[in-house]
Amino acid sequence: MAQWVQDDNKTGIYYETWTVCSDPSPNATVWFESYDCSQFVHRTYRKLTELGAKLSSRSQTNYTKIYLYSGEPRYLGNDSAIFGQPALKNLATDIRQFYHAFRPHQSIFDLAFSLLEAYKKECL
């Protein structure tokens, strides 16, 4: 199991907070899945089961999953290309503004305000 954890850690080269889909319908195109801590927990459960572990907890593992609905994503460049090139300053600013609402370590009030602002900007 220790080797599997090390191997799994080497395979996860990015951290993706949300699942990105074309729309909220059941038959939506999934552009890419989230790759986060909760997914690690589920991969670990599956591996433990493969190795013969019997998981018998009556507690369900719950977590919040975020979905982002979008048209087909396009590759815009890596971080050094986007944030290191003066010609792409507007793109870098747009990306920072989008993620600003999701920044960590906000008070509950600031988080609620940020999410409301993101909703108003994107949905209204």
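A pocket here is an open set of points on a 1 Å grid where a 1.4 Å probe fits, with protein on both sides within 12 Å along at least five of seven lines. This is a predicted model: local features need pLDDT of at least 70, side-chain atom pairs need pLDDT 80 or more, and totals for linings use all residues. Residues are numbered from 1 along the chain, and side-chain values use heavy atoms, without hydrogens or water.

I then checked the lining (residues with an atom within 4 Å of a point). It holds 20 residues, and P73, R74, L76, I95 and Y99 lie nearest the centre. Helix 4 gives the most, five residues. I noted 13 nonpolar, two polar and five charged lining residues.

**Salt bridges.** How many salt bridges does the whole structure have? I found three. The test is a side-chain nitrogen of Lys or Arg within 4 Å of a carboxyl oxygen of Asp or Glu.

D8 pairs with R43, with the closest N and O atoms 2.8 Å apart. D8 sits in helix 1 and R43 in helix 2, 35 residues apart. I looked up exposure next (buried is under 20% relative accessible area, exposed over 50%, partly exposed in between, with a 1.4 Å probe). D8 is buried at 10%, and R43 is buried at 16%.

E33 bridges to K65 at 3.6 Å. E33 is partly exposed at 44%, as is K65 at 29%.

E50 meets K47 at 3.5 Å. Both lie in helix 2, three residues apart. E50 is exposed at 61%.

Methods
Helix = DSSP H or I, 4+ residues; strand = E, 2+ residues; numbered from the N terminus. Nonpolar A, V, L, I, M, F, W, Y, C, P; charged D, E, K, R; others polar.
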